[in-house]
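I opened the model and went through it place by place. These are my notes, in the order I took them.

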Amino acid sequence: MAGKTIVVLSVPAGAGHTRVAEAIRARAAADHGEVKVIHLDAMAFATPRLRKVYTDLYLLLIGRVPGLWRHVYRLTDQARADGLFNRLRRWIERRDCRQLADQIAALAPDAIVCTHFQPAEILSQQIAAGALDCPLWVQVTDFDLHRMWIHPHVVGYFAASDEVAFRMREQGIAAHAIHVAGIPTMPAFSLQHDRTECARAIGLDPALKTILLMGGGAGLGGLSRVADKLLSISGHFQLIALAGRNAAELAALQRLAVRHPGRLVAQGYTDRVERLMACADLVVTKPGGATSAECLAMGLPMIVNAPIPGQEEHNANYLLEHGVALKATDLSTLEYRIRYLLAHPAKLHEMAARARALGRPHAALQVLETVLVQCKNKSEEAYG
C-alpha cells in the first residue's frame, strides 16, 4: 500500500473527535509508515461563523446550559433528514465550507475518514454532486448513534460497540458496511507502563491507592470542588486531578494541592494521559467517548459524573451496563461510591477485569487496516 494517502477529518467540538483522529494518524506512523495519513481540522477550512456554531456555541451550551443542549440533541436526532431544518443547515454548510472541498481536491486522497459528522455530511454532498470520487468512511466516537452521523455515499462505518452497529442497521446501513472496531486510542494506550516509574515521576507513592480525576479537554465538571470533596475522605489514597485546558480550574487545584501536601497532584493539559492512568486504580471522569475508550484500553474502572446530556449519558449507560463503572449524580453520591470501592477492593478488582475485557486498545489499527484493504480492492478493480 506504499504511496497511499488517507485524510482524517475532525472538528474541535470538545477534544474527543481530535484525539480519535490523531490516534488513527499515530497508528499509521507506528505500523504503516508506507502510508501517508494527514489529519486536518475541518473547521480550519470553514468560515468563522460556522466555526463558532460547531465549536464555541457547542462548548457554551454544554458548559452553561446543558439542559438546552439535551433539547437540541434530541430534536436534531428526531428531525427528518429531508425536513426544512436539515435542508437549510446543509445549504449553509455547503456555502461556508467551500475551502474544505478545495483542500480535499488538492490532496487527492485515496480514502477519507471522518471522526465528526459535519465533514462527513459535507463530503457526502460532494460525492452526490459528482464533485468528489473518493471512498468516505465515518468513525463514530461515542457508544451512541445520533441521526446526524448517518449519510448516503459512505463506504463504511466504524461502530464503538455491537449495540451501535445494531442501531446503524436499523437506520438502513448495510451490514457489510459496518465494522465494530471500538473507538481508536493512541498507540501508547496499548502498551504496558511501569506504575512505579510513572508514579514517582510525578511525586506519588506507587504503593498507595490512586484516584485520577478528569474533566475532559475543557476541564469541565467543577474539578477543584470535586477534588476538595474527595480529599476530605479519610483513608490512605492519593489523587491526580487533570484540568485540561481550563486555566482557572488548574490554578484552583494547585492552591488545593498546597493545602494537601503529598496527596494531590494537579496537572494541566497533557499528551501523556496514559502515564497518569498507569498510576491509577480508579478514574472519576465525564464519560466522553474517547476518554471512556482510553480507560477501557488501560483496564481502569470508572466513576462517571457530570455527563454532557445526550451522547455522554448514553456512554455512561453503556459503561454501567457492562459493569465497568459506577455513577455519581452529586458530590454526596460520589463520596459514597469512593468510600465503598476503597472498602471493597474485590469489587474494584472485578470492575478492572471487566474493563480490560471490554477495552479495544487496537481499534485504530483495525480502522486503518480496514480502510487500506478497501483501497487495495479498489485499485485491483481499477486495473483489472
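**Pro12.** I looked up Pro12 and found it partly exposed, with a relative accessible area of 31%. The scale I used: buried is under 20% relative accessible area, exposed is over 50%, partly exposed is in between, with a 1.4 Å probe and protein chains only. Pro12 sits in the loop between strand E1 (5-10) and H1. My element names are DSSP runs numbered from the N terminus: helices (H or I) have at least four residues, strands (E) at least two. I then checked a pair across the chain: Pro12 and Thr55 are 43 residues apart in sequence, and their C-alpha atoms are separated by 6.1 Å. Leaving aside neighbours within four places in sequence, Pro12 is in contact with Thr18, Asp41, Met43 and Thr55. Contact here means heavy atoms within 4.5 Å.

**Ground rules.** This is a predicted model: local features need pLDDT of at least 70, side-chain atom pairs count only at pLDDT 80 or more, and totals for chains, interfaces and linings use all residues. Residues are numbered from 1 along each chain as its sequence is written, and side-chain values use heavy atoms, with hydrogens and water left out.

**Overall form.** I noted 16 helices and 12 strands in the protein. The C-alpha atoms fill a box of roughly 65 × 45 × 35 Å, taken along the principal axes. The radius of gyration is 21 Å, which agrees with the value near 21 Å for a compact globule of 384 residues. That radius is taken over C-alpha atoms, and the globule rule is 2.2 Å times the number of residues to the power 0.38. Of the 384 residues, 53% count as buried. I also looked at sequence separation: among contacts with a separation of 6 or more, 69% join residues 24 or more positions apart.

**H1 and H12.** Two packed helices are described by the angle between their axes and the distance between the axes. My axes are lines fitted to C-alpha atoms, for helices over the stretch in contact, and angles run from 0 to 180 degrees between N-to-C directions. Helix H1 (residues 16-31) and helix H12 (residues 289-297) cross at roughly 50°, and their axes come within 8 Å. H1 and H12 are therefore oblique to each other. The classes: under 35 degrees is roughly parallel, over 145 roughly antiparallel, 65 to 115 roughly perpendicular, and the rest oblique. Gly16, Arg19 and Val20 in H1 meet Ala290, Thr291 and Glu294 in H12. This contact has two nonpolar, two polar and two charged residues. I counted Ala, Val, Leu, Ile, Met, Phe, Trp, Tyr, Cys and Pro as nonpolar, Asp, Glu, Lys and Arg as charged, and the others, Gly among them, as polar.

**H14 and H15.** I then took helix H14 (residues 331-343) and helix H15 (residues 345-358). They pack at about 95°, with axes 5 Å apart. H14 and H15 are therefore roughly perpendicular to each other. Tyr340, Leu341, Leu342 and Ala343 in H14 meet Pro345, Lys347, Leu348 and Met351 in H15. By class, that contact has seven nonpolar, no polar and one charged residues.

**Thr210.** Is Thr210 buried or exposed? Thr210 is buried, at 2% relative accessibility. Its place is in strand E7 (residues 209-214). A polar contact of 3.0 Å joins its side chain to that of Gln238. The Thr210 side chain also reaches the backbone oxygen of Cys279 at 3.4 Å. A polar contact is a pair of N or O atoms within 3.5 Å; within protein, one must be able to donate a hydrogen and the other to accept it, and residues adjacent in sequence count only if both atoms are side-chain atoms.

**Asp96.** Asp96 is in helix H4 (residues 84-96). At 2% relative accessibility, Asp96 is buried. Not counting residues up to four places away in sequence, Asp96 touches Phe45, Ala46, Thr47, Arg49 and Leu50.

**Positive phi.** Most residues other than glycine have a negative phi. I noted His153, not a glycine, with a positive phi of about 65°. His153 is in the loop between strand E4 (136-139) and strand E5 (156-159). Ala306 also has a positive phi, about 45°. Ala306 lies in the loop between strand E11 (302-304) and helix H13 (311-321).
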